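Please open the structure in a viewer and follow the selections below in order. Each stop names what to select and then describes what is found there.

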Amino acid sequence: MSNRIKEQFKKKSNLLSIYFTAGYPKIDDTVDIICRLEDCGVDMIEIGLPFSDPLADGPVIQNSSEVSLANGMNSELLFKQLQGIRNRVDIPLLIMGYFNPILQFGLEKFCSNCASTGIDGLIIPDLPFEIYKDKYEQIFDIHGIHNTFLITPQTSEKRIFEIDKWTTSFIYMVSTASTTGIQQNFATDTNAYFERINKLNLDSPALIGFGISNRATFKTACNFSQGAIIGSAFIKHLENKGINEIGSFVKNFS
Amino acid sequence: MKEKSKFSVDSKGFYGEYGGAFIPELLYPNVKELEENYLHIMKEEQFQKDFLALLKDYVGRPTPLYFAKRLSSKYGCKIYLKREDLNHTGAHKVNNTIGQILVAQKLGKKRIIAETGAGQHGVATATACALMGLECIVYMGEVDIARQAPNVARMKMLGAKVIAATSGSKTLKDATNEAIRDWINNPTDTYYIIGSVVGPHPYPDMVARFQSVISQEMKQQLLTQTGNELPSCIIACIGGGSNAAGAFYHFLDNEDVELVAVEASGKGIHSGESAATMVLGSDGIIHASKTKLMQTKDGQIIEPYSISAGLDYPGIGPLHAHLGESGRAKFVSATDDEALSAVRELCELEGIIPALESAHALAYLPKTSFNTNDTVVINLSGRGDKDLSTYINAFGYEQ
Ligand SMILES: Cc1ncc(COP(=O)(O)O)c(C=O)c1O
């Protein structure tokens, strides 16, 4: 089976990956945002499935999740919106969401819907690596869905190598020990962490996320990894400027 | 209880299919550190000495097991009250915070965080921090801050910083989210004292062990007072489930002892304003634990309701999900009104003003019948001081 995520890493460097919350700002914006992002040259997209209790997220994504839920977003509707997306969009698409809504929909059905709509992978921040391996890996594999794991500045080297071994997409390198949100600058010890991971020569490509908000942080991230993921800053931009101005946001990072 | 019981947590942190640690990677080092250390810390001789000395001299344990004569004659059985209401700070919560603060010290942590709903766990945490001279930050929903002003004042007097949780529904579940987010943002110097048998493994097991002093004392007291260490039935209210876990703990393997967990059904189980998780909930993940929780069909967590702020949690501890599913414990519920009637009854018959939470356990009495020889223990988890304004309103004592 071809792996759209891996292919993209082979083709491109300094990948720009954008996270947004599906159904935000308006319920029907999901597909429009995806298409516009690709047209502006974004390399990969994480489509956020909203949850009432997003533990790892800061205020910006908490708010977009709340609005999206109030707009009526859920798994079923998201897959309906995404139907036919592969006729219009070629870049890798992942869904990022907390585990409980996925479990209630049914993990098996979720993965099978991902496969049939052309979603390449999942990022489930509260599904730890061990439990995934123990209980759920097979379901992902059957449907050819790539799961993505996070590492943080506190993750041990041993664990990073273990995660690397099981990764079929990319490693999501969390920049600092924090919930998602906007940072103007990285903390001083952040570069040391990036460097340390870089030196491990992992088999999997890595993208740096959490706190990437401007050209400077994006460039720094690219110096140490294959690219970066931007979430809160993009959502803030949507909130302030609306979906017509997506191009002006993406331009900052090219 | 034997070291390994049918109802002990397994090596991966599960009770049957419930439990585990569904944590974001950001919390992995913290939770792992705790998981790897809690058991051997708790088993150290010095730790046990320190813990038991504080429970005795500071908390005021053992709490009495009181034979409630007039209540017994009304219900035609032998009713005993386990007087957790007589603990320092007025509830069972302090058993856990004293235990966890000692664990935090052993792990070298300097900054303590906690969540609180009604404020009882917040007060108990602030108390333990004052005792040990540690910084204390308590997250509390904005809505709860407004309705539990005396406990907010208590926490402040004890030196804690109370931070309003303004996300989501602004109550206990959101305060818990904020505490977890704080822990993510402060991964090295901070210890999170969870207030019930909820959250990621090893918290449910650790909190149950600290609260198990309740049933340990009960056993000895029953033996002395009745000649038999086993009661017929134990009744406890259940929010997250810590007082119930403590009251049941040493009897879990004695299947002759009936265990009754009373949830809050608010304005009625199917009124849409209830907190009866075992009836209304389904399997899912809340605060990093797989358990029963109240949720929409899309997996969004529902805000529960009960007149008692300590019982309106949308989940229950994974041990209880397992006890309920396996049939070991019987889950029943009591409404706001039934709990209020039970408050009055205990005042009038025994001269004790119970906490609203504990009144839910008492409210089971009129719904069942016991034989004259049955020994029934009710865990009186807390006293009613904190609920006085609710009682003033409910019973018409305003001017
Ligand atoms: C007096 C009292 N009882 C019971 C509870 C419910 O908690 P748990 O179910 O963990 O015992 C609380 C919680 O605040 C409480 O204050």
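Begin with the two domains of chain B in this predicted model: the C-alpha centres of domain 1 and domain 2 of chain B lie 23 Å apart. To display them, colour residues 24-55 + 93-207 of chain B as domain 1 and residues 61-90 + 211-395 of chain B as domain 2.

Next, select the boundary between these domains. Here 29 residues of domain 1 of chain B are in contact with 29 residues of domain 2 of chain B.

Now select the ligand together with its shell. How many residues surround the ligand? The shell holds 18 residues, and the closest are Ser196(B), Gly239(B), Gly241(B), Ser242(B) and Ser381(B). Domain 1 and domain 2 of chain B each supply at least three residues to this shell. Coloured by residue class, the shell shows five nonpolar, 11 polar and two charged residues.

Zoom in on the oxygen atoms of the ligand. In the side chain of Ser196(B), a polar atom lies 2.6 Å from an oxygen atom of the ligand. For Ser242(B), the distance from a side-chain N or O atom to a ligand oxygen atom is 2.7 Å. At Gly240(B), a polar backbone atom is 3.2 Å from an oxygen atom of the ligand. On its own the ligand has 390 Å² of accessible area, of which the protein covers 97%.

Methods:
Residues are numbered from 1 along each chain as its sequence is written. Chains are lettered from A and ligands numbered from 1 in the order in which they are written. This is a predicted model: local features need pLDDT of at least 70, side-chain atom pairs count only at pLDDT 80 or more; totals for chains, interfaces and linings use all residues. Side-chain values use heavy atoms; hydrogens and water are left out. A residue is near a molecule or strand if one of its heavy atoms lies within 4 Å of it. A polar contact is a pair of N or O atoms within 3.5 Å; within protein, one must be able to donate a hydrogen and the other to accept it, and residues adjacent in sequence count only if both atoms are side-chain atoms. Accessible areas come from the Shrake-Rupley method with a 1.4 Å probe; for residues, only the protein chains shown count as cover. Ala, Val, Leu, Ile, Met, Phe, Trp, Tyr, Cys and Pro count as nonpolar, Asp, Glu, Lys and Arg as charged, and the others, Gly among them, as polar. Domain bounds come from an automatic or database domain assignment. Contact means heavy atoms within 4.5 Å.
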